[in-house]
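Thanks for coming, everyone. Let me put the model up on the screen.

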Amino acid sequence: MESKITFVKGDITLQDTDAIVNAANSSLLGGGGVDGAIHRAAGPKLDEECRKIGGCPTGQAVITTGGNLKAKYVIHTVGPVWHGGTLNEPDLLASCYINSLKLADENGIKTIAFPSISTGAYGYPVEQAAHIAVKTVSDYLKNNIAIEEVRFVLFSDRDYQVYVKAYKELK
Ligand code: APR
């Protein structure tokens, strides 16, 4: 198992990775949760770049600069809203991680931080989301030598524990 995946409890806006990932909505115009925090910390340049891009479908990802953040880039991805698991939510959530990592690769990003996509306002059960997140990233990194670190940044103790457990269960 690769040693590129790390877990921290904290605020993603403070991470020093090359890129941080935003759990956005398809308008890209900002919102609450991690999206609101990232837009506030990055400043108006982020809003402007997102407005120019114009939107992003669920499961896809787009990239902007990081504005005032330490991170040089923000990758915005739109997680699925949880409807009980029958509307392709697992595949859409996996696509968020894959498409974000592809964009990272295309932009020479070596270190990237992810929040727990979809498990806040979008209601995805965190245990299920964590399993998909760590499995998808772990599988992606098996065929990738360019990305040096994928850091999961969890906002609560409980989420941190759930993600670490999901990762241990992969091995
Ligand atoms: N750093 C890291 N994680 C954070 C931060 C932060 N600063 N702020 C919140 N979180 C965590 C939440 O605790 C949750 O575990 O991010 C996780 C994802 O929650 P949401 O931000 O609600 O994201 P999501 O469930 O994907 O819903 C997206 O919420 O704000 C809107 O515009 C956003 O409409 C979109 C929806």
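First, the ground rules. This is a predicted model, where local features need pLDDT of at least 70 and side-chain atom pairs count only at pLDDT 80 or more, while totals for chains, interfaces and linings use all residues. Residues are numbered from 1 along each chain as its sequence is written, and side-chain values use heavy atoms, with hydrogens and water left out.

Some terms. Helices (H or I, at least four residues) and strands (E, at least two) are DSSP runs, numbered from the N terminus. Buried means under 20% relative accessible area, exposed means over 50%, and partly exposed is in between, with a 1.4 Å probe and protein chains only.

Now the cores. A nonpolar core is a set of buried Ala, Val, Leu, Ile, Met, Phe, Trp, Tyr and Cys residues joined through side-chain atoms within 4.5 Å. The largest one has 37 residues, and Ile112, Phe152 and Tyr163 touch the most other members. Elements giving two or more residues to this core are β1 (5-9), β2 (19-24), β4, α3 (89-106), β5 (111-114), α4 (126-142), β6 and α5 (157-170). Helix α4 supplies the largest share, 9 residues. A second, separate core has 10 residues, including Ala42, Leu46, Leu69 and Ala113.

Back to Tyr163. Contact means heavy atoms within 4.5 Å. Not counting residues up to four places away in sequence, Tyr163 touches a set of residues including Phe7, Tyr97, Val126, Phe152 and Leu154.

Next, helix α2, residues 44-53. Which of its residues are buried? They are Leu46, Glu49 and Cys50. Seen down the axis of α2, these fall within an arc of 100 degrees, so they line one face of the helix. That arc is taken from the directions from the helix axis to the C-beta atoms. On the other side, Pro44, Arg51 and Lys52 are exposed. The cover over the buried residues of α2 includes α1 (33-42), β3 (61-65) and β4 (73-78). After α2 comes Gly54, with a positive phi near 95 degrees.

On to the ligand. How many residues surround it? There are 21, and the closest are Asn25, Gly32, Asp35, Gly120 and Ala121. Here a residue counts if one of its heavy atoms lies within 4 Å of the molecule. A backbone N or O atom of Ser118 sits 2.8 Å from a ligand oxygen atom. For Gly120, a backbone N or O atom is also 2.8 Å from an oxygen atom of the ligand. A polar backbone atom of Tyr122 is 3.1 Å from a ligand oxygen atom. The protein covers 88% of the 700 Å² of accessible area that the ligand has on its own. Those areas come from the Shrake-Rupley method with a 1.4 Å probe.

Stay with Ser118. Its phi is near 75 degrees, a positive value in a residue other than glycine. Ser118 is in the loop between β5 and α4, and is buried at 5% relative accessible area. Now take Asn88, in the loop between β4 and α3. Asn88 has a positive phi too, near 70 degrees, but is partly exposed, at 41%.

Last, Arg151, in strand β6 (residues 149-154). Is Arg151 buried or exposed? Buried, with a relative accessible area of 13%. Its side chain makes a polar contact with the side chain of Glu149, at 2.9 Å. A polar contact is a pair of N or O atoms within 3.5 Å; within protein, one must be able to donate a hydrogen and the other to accept it, and residues adjacent in sequence count only if both atoms are side-chain atoms.
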